Amino acid sequence: MSDEQSVHSFETLAIHAGNTADPLTGAVVPPIYQVSTYKQDGVGGLRGGYEYSRSANPTRTALEENLAAIEGGRRGLAFASGLAAEDCLLRTLLAPGDHVVIPNDAYGGTFRLFAKVVSRWGVEWSVADTSDPVAVRAAVTPKTKVIWVETPSNPLLGITDIGAVAEVARGAGAKLVVDNTFASPYLQQPIALGADIVVHSLTKYMGGHSDVVGGALIAADRTVGEELAYHQNAMGAVAGPFDAWLVLRGIKTLPVRMDRHSENAGRVAEMLTKHPKVTKVLYPGLPEHPGHEIAAKQMKAYGGMVSFRIAGGEEAAVEVCNRAKLFTLGESLGGVESLIEHPGRMTHASVVGSALEVPGDLVRLSVGIESGDDLLADLKQALG
């Protein structure tokens with residue numbers, strides 16, 4: 001992030017960082033450079049450093065500069081998916097014999113990456129309740145190189161005190177990685193709170209329109225950022241130019257969308273707390289949420305994700321999902337439209353039987369930006 005950019009507010013950076021006018025035409029939106037290779041001015045004479053689009057592409061560069069600026073980092077990198085970003089991060093930071101602490105309510109795909117892929121080349125991992133810094137410290141071993149945090153977590157909406165866990169990581173000589181997907185950089189700034197690297201599924205709130213798949217890493221340290229960039233090029237799971245352009249477009253409206261997501265989600269959570277068929281509501285904006293005070297300290301608002309548990313067990317939860325009409329039954333999250341899902345049978349099926357298994361009576365909502373009144377009416381009829 002440049003010194004000039006650092007004086008601007010988030011809303012300004014979201015629109016302008018990386019978005020310089022095209023020098024040829026003056027176009028205010030960066031072009032989609034749908035190109036694989038670039039003419040060189042003699043052997044080794046690269047124009048702007050571009051030679052092959054796996055290594056660098058101007059549209060992706062624009063997005064990566066924007067990501068670094070809005071997260072307050074030194075280097076941003078865009079990938080083909082969130083899991084591609086995670087894979088690059090782990091292979092950059094870890095070697096056989098190293099150890100990672102992961103959350104006890106991590107995203108199912110992240111758990112699968114550790115349990116079924118990374119562990120096969122000798123990386124060890126253990127689970128901790130990251131909402132408790134003492135539990136995180138107890139899980140650390142002399143081999144721990146990474147402490148992994150999601151806050152809010154997926155799908156139980158747990159909250160981790162990023163600053164407190166950053167102290168644990170520093171004391172252990174480990175890197176703190178924060179998955180900031182649920183909050184977005186508009187609501188939460190992990191690097192400012194002590195994180196070393198931020199992870200995003202750009203598919204979610206950053207893209208915001210359910211029309212692109214992507215991932216990102218943002219490094220607080222330039223040297224770490226360069227190491228990640230080396231592995232990004234060596235491994236090749238980069239964001240394509242059109243995907244990068246779509247995410248860059250989505251980020252421009254991120255602040256106004258997140259304000260509306262948070263407003264609607266707050267109304268939904270409040271209604272659910274009063275419904276007789278709902279046994280528990282998981283939303284950090286509720287005063288009774290165990291992480292509410294920490295969320296209020298480190299988040300601008302509480303986001304658009306709400307989970308709740310249903311009286312009647314798993315089958316009742318599935319029926320609620322099936323009866324919803326305006327809330328679309330589907331995986332993923334963070335789009336302008338509202339989604340509903342059953343984590344135990346959908347997004348978190350990979351953690352069944354593990355320490356991360358989610359309750360069968362759990363329903364997860366991604367609350368969109370539609371009319372709040374319409375969303376409440378749909379949930380009420382779905383609950384019956």
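**A first walk through the model**

Author: Start with Ser 332, which lies in the loop between strand 10 (328–329) and strand 11 (339–341). Helices (H or I, at least four residues) and strands (E, at least two) are DSSP runs, numbered from the N terminus. This is a predicted model: local features need pLDDT of at least 70, side-chain atom pairs count only at pLDDT 80 or more, and totals for chains, interfaces and linings use all residues. Residues are numbered from 1 along each chain as its sequence is written, and side-chain values use heavy atoms, with hydrogens and water left out.

Reader: What phi does Ser 332 have?

Author: A positive one, about 75°, although Ser 332 is not a glycine. Most residues other than glycine have a negative phi.

Reader: Which other residue has a positive phi although it is not a glycine?

Author: Leu 157, at about 55°. Leu 157 sits in the loop between strand 4 and helix 7. Its relative accessibility is 1%, so Leu 157 counts as buried.

Reader: Where is Pro 152?

Author: Pro 152 is in the loop between strand 4 (144–150) and helix 7 (162–172). A cis peptide bond joins Thr 151 to Pro 152, with omega about -10°. Pro 155 also lies in the loop between strand 4 and helix 7. Asn 154 and Pro 155 are joined by a cis peptide bond too, with omega about 15°. Most peptide bonds are trans.

Reader: New topic. Where is Thr 130 found?

Author: In the loop between strand 3 (124–128) and helix 6 (133–139). Thr 130 has 3% relative accessibility, so it counts as buried.

Reader: What does the side chain of Thr 130 join up with in a polar contact?

Author: The side chain of Thr 160, at 2.8 Å. A polar contact is a pair of N or O atoms within 3.5 Å; within protein, one must be able to donate a hydrogen and the other to accept it, and residues adjacent in sequence count only if both atoms are side-chain atoms.

Reader: Which residues is Thr 130 in contact with, leaving aside neighbours within four places in sequence?

Author: Pro 103, Val 136, Trp 148, Val 149, Thr 160 and Val 165. Contact means heavy atoms within 4.5 Å.

Reader: And Asn 66, buried or exposed?

Author: Asn 66 is buried, with a relative accessible area of 0%. Asn 66 lies in helix 3 (residues 58–71). A polar atom of its side chain lies 2.8 Å from the backbone oxygen of Ala 17. Not counting residues up to four places away in sequence, Asn 66 touches several residues, including Leu 13, Gly 18, Leu 248 and Ile 251.

Reader: Zoom out. How many helices and strands are there in the protein chain?

Author: There are 14 helices and 12 strands. The radius of gyration, taken over C-alpha atoms, is 21 Å, close to the 21 Å that the globule rule gives for 384 residues, so the protein chain is as compact as a globular protein of that length. That rule is 2.2 Å times the number of residues to the power 0.38.

Reader: What does the C-alpha trace span along its principal axes?

Author: About 75 × 50 × 35 Å. Of the 384 residues, 54% count as buried.

Terms used. Buried means under 20% relative accessible area, exposed over 50%, partly exposed in between (1.4 Å probe, protein chains only).
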